[in-house]
Amino acid sequence: MLRVSAYRLLWLLAVIYFIPQKAAAHRDSRDSVMVKVEESDPGDYDYIIPAEAQSGTIPFTRAGNLIIIQAMVDSVSGNFILDTGAPGLILNLTYFRDYQGSGRADADAIGITGGASVGSPTMVKKLTFGAFAFTQVNADRVSLGHIENKRGIKILGLLGAGLFKRFEILIDYTNEVIHLHRVARNEKMTYRGYYATQKNDYHTIPIRIQDGKLIARLVVGGQKLNFVLDTGAESNVFDSRLKKGIMSHVMMDRKISLIGSGSKKADAWYGRVKEAELGPLKLENMEVLITSMQYMSLAYDRNIDGMLGYPFLSKQKIGINFLTNELYLWK
């Protein structure tokens, strides 16, 4: 889990730091992206989820475009980012440096702008948020100092998608609350949905859940693309290495540079996708950050064409059913 989490984390750190530039965009070839990384199943958190059903509502605040909820790891409580782009629990190395490692050696992680050191995985005795509790939770550790400095708040860690694999969640950005429904272990094969009686109120879009990542199928220029649904992404992202036939549907507005760990830079553009389709929805002039997804694809061990983040997700209430692999978008 360490390498996958750290690759993705350092990319996130790069995305929230940018400055204007004048140079032309750099486009990497997609032909040499697929480098095999460490085998793992970072989304397999079912063993820590209590067997019984449970429902609850958790308030959240926002730091920029990030969802911040209050959680506690053992005796340490504070701000955590709800981040469906992360595979599970990730702790800020700054505050959990003294936790015993799991026995695996530290690893070097590479983000979109370069490399950085991350801590070895560890285990926490108890994780709680709202009325929900998890015990004996495996966690990765990486420095989140870039996010803290940018947003001016202390961040203890990230709560990733793997923690919710037996949940149905609804994120209400307008009222700043998250409704969670945990399904009983003996019902997870037959569960259909807490909001099934409200189906006329929302669009239902199939998604894939692979290695703790939520992947939706976006269609641009007749081509099917893999987009990660990421509540931890402050921008929608589009891969600059896609074929010209697809990129012809993208308008580039202005040049920026991303600044990641160690102040290393990478080229990017802000622009708009003229028209795209997500299930039954037609998306027009969707604002995107255009940059190479090379390292994200390497981390996920598959080509990732982009990410749907805050600018898209916050336009409506959204639901994610982790058992039926469905995304709900309220009308």
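Student: Is His 249 buried, partly exposed or exposed?

Tutor: Partly exposed, because its relative accessibility is 28%, which falls between the 20% cut-off for buried and the 50% cut-off for exposed. Keep in mind that this is a predicted model.

Student: Where does His 249 sit in the chain?

Tutor: In the loop that links helix 3 (244-247) to strand 18 (250-259).

Student: And what does His 249 touch, if I skip residues up to four places away in sequence?

Tutor: Val 220, Gly 221, Arg 272, Val 273 and Lys 274. Take Arg 272: 23 residues separate it from His 249 along the chain, and the two C-alpha atoms are 8.6 Å apart.

Student: OK, another loop. Where is Ser 102?

Tutor: Ser 102 lies between strand 6 (89-92) and strand 7 (107-111), in the loop. With 44% relative accessibility, Ser 102 counts as partly exposed.

Student: Which residues does Ser 102 contact, leaving aside neighbours within four places in sequence?

Tutor: Ser 120, Pro 121 and Thr 122. There is also a C-alpha to C-alpha distance of 9.4 Å between Ser 102 and Ala 139, which are 37 residues apart in sequence.

Student: Which elements have the lowest and the highest mean pLDDT?

Tutor: Strand 1 (residues 18-20) has the lowest, at 38, and strand 4 (residues 66-73) the highest, at 98. Two stretches to flag are residues 1-7, with pLDDT below 50 and 35 contacts in the model beyond near neighbours in sequence, and residues 105-117, also below 50, with 45 such contacts.

Student: Let's pick a strand. Which way do the residues of strand 22 point?

Tutor: In strand 22 (residues 318-321), Ile 318 and Ile 320 point one way, while Gly 319 and Asn 321 point the other way. All of them are buried.

Student: Which strands pair with strand 22?

Tutor: Strand 11 (residues 167-172) does, antiparallel and through four bridges. There, Glu 168 stands opposite Asn 321. Strand 23 (residues 326-330) also pairs with strand 22, again in the antiparallel sense over four bridges. In that pairing Leu 329 is the bridge partner of Ile 318.

Student: How many residues lie between strand 22 and strand 23?

Tutor: Four, and the two strands form a hairpin. Asn 325 is in the turn and has a positive phi of about 55°.

Student: Why point out the phi of Asn 325?

Tutor: Because most residues other than glycine have a negative phi. Asn 325 is not a glycine, yet its phi is positive. At 28% relative accessibility, Asn 325 counts as partly exposed.

Student: Where does Gln 136 come in, with its positive phi?

Tutor: Gln 136 is placed in strand 9 (residues 132-142), and its phi is near 55°. Gln 136 counts as partly exposed, because its relative accessibility is 40%.

Student: Now the inside. How many residues are in the largest nonpolar core?

Tutor: It has 64, and the ones with the most contacts inside it are Leu 89, Leu 127, Phe 129 and Phe 238. Strand 20 (residues 281-291) gives the most to this core, with five residues. Another core lies apart from it, with 11 residues, including Ile 68 and Leu 144.

Student: Which residues line it?

Tutor: Ile 58, Ile 69, Leu 82, Phe 129, Phe 164, Ile 169, Ile 178 and Leu 180. You've met Phe 129 already, among the residues with the most contacts inside the largest nonpolar core.

Definitions and conventions. Residues numbered from 1 in each chain as written. Predicted model: local features only at pLDDT ≥ 70, side-chain atom pairs only at ≥ 80, totals over all residues. Heavy atoms only, no water. Buried < 20%, exposed > 50% of the residue type's maximum accessible area, 1.4 Å probe, protein only. Pairing = 2+ DSSP bridges. Core = buried A, V, L, I, M, F, W, Y, C linked by side-chain atoms within 4.5 Å. pLDDT = per-residue confidence, 0-100. Contact = heavy atoms within 4.5 Å. 1 Å grid on protein atoms, 1.4 Å probe; cavity = no way out; pocket = protein on both sides within 12 Å on 5 of 7 lines; lining within 4 Å.
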